Amino acid sequence: MPLTSRMRFLLLNACLFATVFIAGCANPASTTALNDLKKEFWAGRISLHVKTEPEQSFSAGFELKGRSERGELTLISPLGNVLGVLRWSPGEAELDSGNRNIQRFDSVDALMAQATGAAVPLSALFAWLQGDNANVSGWSADLSRQGEGRISARRTQPAPEADLRVVLDQ
């Protein structure tokens, strides 16, 4: 089933936003955390700049719940409207862009690959969120301002290049 131009744009932005958001939301792991519990909720603002012809930019508020295995990412406009919800669990993923318009995929990697041309390494992205600067082919994350709630990541491969910025709510 071919995607419309609008759906492809929304799907691309949602996937790239998810990548940016996840890459940019790392918080250092607390050595005093009880029982080494991992954080499973992040909120803030995210922006994505994709170096295509013509260049594309996207920014939104977000709420991310879950882990790399099962989670939900909600994108929110500056006016507070939900732009879309990306949900994933083992063996399935979906993008709900409202008005009963739901795109389903076998996995979140398949969803990301359809939208961006390459699978997004969710396990590494969630590692970044937990403060672990995991190495990912084609990606580099800058966690140097993580303590301030600011993270950036850059994708150099596969093309197109993308710059992601995340500012977490404090």
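User: Leaving aside its neighbours within four places in sequence, which residues is Ser-89 in contact with, and what makes these contacts?

Analyst: In this predicted model, Ser-89 is in contact with Glu-69 and Arg-70 once neighbours within four places in sequence are set aside; the term contact requires heavy atoms within 4.5 Å. Ser-68 lies 21 residues away from Ser-89 in sequence, with 8.4 Å between their C-alpha atoms.

User: Why is Ser-89 called buried?

Analyst: The relative accessible area of Ser-89 is 13%, and buried means under 20%, so Ser-89 is classed as buried. Ser-89 belongs to strand S4 (residues 82–89).

User: How do you know that S3 and S4 pair?

Analyst: Pairing needs at least two bridges, and S3 and S4 have six, in the antiparallel sense, so they meet the definition. One of the bridges joins Leu-75 to Gly-84 in S4. Five residues lie between the strands of this hairpin, where Gly-80 takes a positive phi near 95 degrees.

User: What makes S2 and S3 a pair?

Analyst: Strand S2 (residues 56–66) and S3 also share six antiparallel bridges, against the required at least two, so they count as paired. Gly-66 has Gly-71 in S3 as its bridge partner, and four residues separate the two strands in their hairpin.

User: Why is strand S3 (residues 71–76) described as largely enclosed?

Analyst: Five of its six residues are buried, each therefore falling under 20% relative accessible area, so S3 is largely enclosed by the rest of the structure.

Key
Residues numbered from 1 in each chain as written. Predicted model: local features only at pLDDT ≥ 70, side-chain atom pairs only at ≥ 80, totals over all residues. Heavy atoms only, no water. Buried < 20%, exposed > 50% of the residue type's maximum accessible area, 1.4 Å probe, protein only.
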